[in-house]
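Dear colleague,

Please find the structure below, handed over for your records. A summary of what was found in it comes after.

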Amino acid sequence: NTSPDLFRSTLTTLPQNQNLLNKCKLPLGILLHPFKDLSHLPVITSSVIVRCRSCRTYINPFVTFIDSRRWKCNLCYRVNDLPEEFMYNPLTKSYGEPHKRPEVQNSTIEFIAPSEYMLRPP
């Protein structure tokens, strides 16, 4: 559950099917503010930005870790290898727990991409 300041629905209980939604004659809408609170935004300055090899999705809180070296994409379900550099957590300065990295703990993060990641300089 999240704060209503970040995620709010027009209905407190969602209808179980389209027929019930049509009968209640109330609009269903969702208001999202993913960047509402940027004061605790983790900033990642790493040479490795982990993405799925198939669909290019960034590693996120909804992926599944198969073991400490592999993860499964939550969009295309491809199993990907974790690079060795991802084992180090830059915020806690600890090694060996990839599931505790900021990319996996937070749905919104800021990457400072290395120069080789960019197509052209800013």
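This is a predicted model: local features need pLDDT of at least 70, side-chain atom pairs count only at pLDDT 80 or more; totals for chains, interfaces and linings use all residues.

Residues are numbered from 1 along each chain as its sequence is written, and side-chain values use heavy atoms, with hydrogens and water left out.

**Strands β4 and β5**

Helices (H or I, at least four residues) and strands (E, at least two) are DSSP runs, numbered from the N terminus. Strands β4 and β5 pair in the antiparallel sense over three bridges; two strands are said to pair if DSSP finds at least two bridges between them.

With a relative accessible area of 34%, Arg70 is partly exposed. In this description, buried means under 20% relative accessible area, exposed means over 50%, and partly exposed lies in between (1.4 Å probe, protein chains only). Not counting residues up to four places away in sequence, Arg70 touches Phe65, Val79, Asn80, Asp81 and Leu82, where contact means heavy atoms within 4.5 Å. Arg70 and Pro83 are 13 residues apart in sequence, and their C-alpha atoms are 9.0 Å apart in space.

**Salt bridges**

A salt bridge is taken as a side-chain nitrogen of Lys or Arg within 4 Å of a carboxyl oxygen of Asp or Glu. By this rule the count is four salt bridges, and three of them are described here.

One of them is formed by the side chains of Asp67 and Arg70, at 3.3 Å from N to O.

Another salt bridge joins the side chains of Arg69 and Glu84, at 2.9 Å from N to O. This pair links distant parts of the chain, as Arg69 lies in the loop between β4 (64-67) and β5 (70-72) and Glu84 in the loop between β6 and β7, 15 residues apart. Arg69 is partly exposed at 39% relative accessible area, and Glu84 counts as partly exposed at 42%.

The side chains of Arg101 and Glu103 also meet in a salt bridge, at 2.8 Å from N to O. Here the residues are buried: Arg101 has a relative accessibility of 1%, and Glu103 has a relative accessible area of 2%. The side chains of Glu103 and Arg101 are likewise joined by a polar contact of 2.8 Å. A polar contact is a pair of N or O atoms within 3.5 Å; within protein, one must be able to donate a hydrogen and the other to accept it, and residues adjacent in sequence count only if both atoms are side-chain atoms.

Glu103 is found in helix α2 (residues 102-105). Leaving aside neighbours within four places in sequence, Glu103 is in contact with Ile44, Ile59, Asn60, Pro61, Phe86, Ile109 and Phe111.

Met87 lies in the loop between β6 (79-81) and β7 (88-89). Met87 counts as buried because its relative accessibility is 4%. Not counting residues up to four places away in sequence, Met87 touches Ser68, Arg69, Ser94, Tyr95, Gly96, Glu97 and Pro98. Met87 and His99 are 12 residues apart in sequence, with a C-alpha to C-alpha separation of 9.0 Å in space.

Thr57 is placed in the loop between β3 (43-44) and β4. At 14% relative accessibility, Thr57 counts as buried. Its contacts, leaving aside neighbours within four places in sequence, are with Val50, Arg51, Cys52, Trp71, Cys73, Asn74 and Leu75.

**A nonpolar surface patch**

Phe7, Ile30 and Leu32 make a nonpolar surface patch of about 300 Å². Patches are made of residues with over 30% relative accessible area and no salt bridge; like charges are joined within 9 Å, and nonpolar side chains (Val, Leu, Ile, Met, Phe, Trp, Tyr) within 5 Å. Accessible areas come from the Shrake-Rupley method with a 1.4 Å probe, and for residues only the protein chains shown count as cover. Phe7 lies in strand β1 (residues 7-9) and is partly exposed, with a relative accessible area of 40%.

With kind regards
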